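The following exercises concern a single protein structure.

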Amino acid sequence: MSVPITKIAGEPNLEKTFAVDAQPTDALSDLSKGDVAPEDIYIDPARERKLLWKIDAFLVPLLTLSFLSAYLDRSNIGNAAIAGMPEDLGLTKQGLASKSASRNFYVTYVPFELPGSLLVKTIKPSRLLPAFMLGWSVTCLGAGFIKTPGHLYAVRLLVGLFEAGMYPALAITLTTFYTPQEQARRFAYLYLSVGLSGGFGGLFAFALLKLDGRHGIAGWRWLFIVEGVLSIGIAVLLWACMPDSYQTCKFLNAEDKELMRLRTIKHDRYMRLNETFDKREVWKAFKDYKIWLSAVIQFLGDILSFGISTFMPSLVRSFGFDSVLTQLLTVPIFFVGVGIYIGISFWSDKIQQRAVFMVGGALTVSLGYALLLGLPMSQKGALYFSCFLVVPGLYCMLGLNYVWMLGSHAGYYKRATCIGINMTIGNCAGLLIGQIFKDRTPEGRYLIGVATSMACGLACIIVIGLIYFHLRKQNRIRDALTPEERQRWIDEGASGDFHPDYRYIL
C-alpha cells in the first residue's frame, strides 16, 4: 500500500511514492526535520478529500453528539421552568425564579474554561472528555430528584463545573485534524448542537411531560432523569471511541495516518501538534489585540445565545400560546436556524470569507429583535416569524466568529489559550442574562431583554469591522515585505500567525 505522491518543489522531476510499511525515505526524513519548506509539499487532492470525508463521517458526529448532550442538559431548565418546576420547588413562593438557577451555572462554568482548554494536551482527550461528560450526566440525572431551591442551585453549579472544559476541548481537538480553510463547515456541525438542543429539547419536553404523574414523578423530573441517562450512555460511547490524535484513530488505516502526517507537516505553522508547553505562547495570546475583539463579539453574541437557549420557550409563550403548544413551536425555529447556518458555513469555506457573513447575521438578528420590540403583542404570527430571523442570524454571526478566531491564531498553546479567553469572556454573559430577561411589561413583552439583545447585535457589527480592517492591514503589510524584510521578521522570532508567510482569512 502507498501514500499519495509527494513532490518536492525545487526539484520538479523528483517524485516518490512512499510505502507505509517501510522505513521513511530520505525525502520524508528531510520533511520531518524541516529541511524542506512545508509549502513545498504537494498532496493529492483526491486522496485528501477521501481522508476528510472519513474524518467527517467518524469524528465529527461523535463530537457533535457530545456537545448536543451538553447543551440539552444545560438548557433543559428552560423547558422545566414552564412545566411546573418553580411551583414544585417553592421558587415562586420565596420570590425567587429559575433565572437565578440559570445564572448559577455560569458561576463555575466561566472560571474553569481556560484551564479546561489547556488540560487537553496534558490529559488525553479520550479520558478527559468522557470524565467531564459523566460528571454532568450524573448531576443531571440527580436533578430529577431534587426537593428544594438549594438543591437546584447546587445542581447548576456542578453542571457548570463539569461542562466548563467541554467545548474548548472539543474545539482544540478539531483544530488538530482540520486546517483553517476547512474549519467553518466542521464547526457548523459542532455548533449545530446548539440549535438541535433547542429543537430536540422542545420535542423531548413535549414527549416527556406527558409522563407527568407516572410512578408519582412529575413531568419536569422525567425530563432531567431521561436526559441524564441518555447522556451517561453517550459518555460511555465517547470513552470507547474518542481518539487522542490522528495516530490513535481506530477508523484511519496506515495510509490515512501517513497522509495526516504529511498534512501536519505542510500546515505545521498552524497545527503544531508536537509543540511542548511554553508559557510565552500563553502570554502571547493575552497580548494579542485581536483575541480581545473576538471575545467582545463572543460576549455580546452569548447574551443573545443564552437568551435564546434558556428563555426562548418563555419568549414564545409570552405571545399567548399555552405551555404544550409552546414546546412544539420552538422546534422549527432552531431547526431552520441550523439548516441556514450549515449552508452559510459551506459558502464561507468555499469563498474563504468570514466577516461579510457575520455582518449579515448581525443585521438579521437585529432586525428580528426590532420586530419583537415594535410589533403589537396581538400579532402572534408576525412575532413568531421574527424568531426565524433572530436564530439563523445569531448562529451565522456567533458560529463564524468562533471559526474566525481559531483561524487567526497559530501555535497549539496560543490557540488553546485564545479558545479559553474567548469562551471565558463570552460566557460571562451568562451571569447577566437572568437579569436581562427578568421583567415583563403589563402586556407580556420582555422589553429590557429584547431591547438589550437588539443593541448587542448592532454593536457586533462595529467590532466585526474593527477585526476585519485590522487583519486586512496585517495581510497587506506582509504582502509588501521584501525578501530581506521577510527574513528579518523570521530572524527576530516571528512565528505562528505572526510569521511573515501567514495570511489571515477575512
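Helices (H or I, at least four residues) and strands (E, at least two) are taken as DSSP runs and numbered from the N terminus. The structure is a predicted model, in which local features need pLDDT of at least 70 and side-chain atom pairs count only at pLDDT 80 or more, while totals for chains, interfaces and linings use all residues. Residues are numbered from 1 along each chain as its sequence is written, and side-chain values use heavy atoms, with hydrogens and water left out.

**Exercise 1. The protein as a whole**

Task: State how many helices and strands the protein has, and what percentage of its residues is buried.

Solution. 
Step 1. There are 21 helices and two strands in the protein.
Step 2. Of the 506 residues, 57% are buried.
Step 3. For contacts between residues at least 6 apart in sequence, 81% join residues at least 24 apart.

**Exercise 2. Two helix pairs that share α6**

Task: Describe how α6 packs with α7, and how α6 crosses α8.

Solution. 
Step 1. Two packed helices are described by the angle between their axes and the distance between the axes. Axes are lines fitted to C-alpha atoms, for helices over the stretch in contact, and angles run from 0 to 180 degrees between N-to-C directions.
Step 2. Helix α7 (residues 149–163) packs with α6 at an angle of about 165°, and their axes are 8 Å apart. Angles under 35 degrees count as roughly parallel, over 145 as roughly antiparallel, 65 to 115 as roughly perpendicular and the rest as oblique. Therefore α6 and α7 are roughly antiparallel to each other.
Step 3. The residues in this contact are F132, G135, W136, T139 and A143 from α6, and V155, L158, V159, F162 and E163 from α7. Ala, Val, Leu, Ile, Met, Phe, Trp, Tyr, Cys and Pro count as nonpolar, Asp, Glu, Lys and Arg as charged, and the others, Gly among them, as polar.
Step 4. For α6 (residues 125–143) and α8 (residues 166–175), the axes come within 10 Å and cross at roughly 155°. These two helices are therefore also roughly antiparallel to each other.
Step 5. In α6, the residues P125, L129, F132 and W136 meet M166, A169, L170 and T173 in α8. The contact of α6 with α8 comprises seven nonpolar residues, one polar residue and no charged residue.

**Exercise 3. Aromatic pairs**

Task: State how many aromatic pairs there are, and classify the pair formed by Y384 and F388.

Solution. 
Step 1. Rings of Phe, Tyr and Trp (its six-membered ring) pair if their centres lie within 6.5 Å; planes under 30 degrees apart count as stacked, over 60 as edge-to-face and the rest as tilted.
Step 2. By this rule there are six aromatic pairs.
Step 3. The ring centres of Y384 and F388 are 5.2 Å apart and the ring planes stand at 90°, so this pair is edge-to-face.
Step 4. Both residues belong to α17 (residues 380–407), where Y384 and F388 are four residues apart, about one turn of the helix. Y384 and F388 are both buried.
Step 5. Another pair is Y502 with Y504: their ring centres lie 5.6 Å apart with planes at 65°, so this pair is also edge-to-face. Y502 and Y504 are buried.

**Exercise 4. The position of N427**

Task: State which residues N427 contacts, leaving aside neighbours within four places in sequence.

Solution. 
Step 1. N427 lies in α18 (residues 412–427), and its 2% relative accessibility makes N427 buried.
Step 2. The contacts of N427 are with Y106, Y109, V110, E113, D302 and F306.

Terms used:
Contact means heavy atoms within 4.5 Å. Buried means under 20% relative accessible area, exposed over 50%, partly exposed in between (1.4 Å probe, protein chains only).
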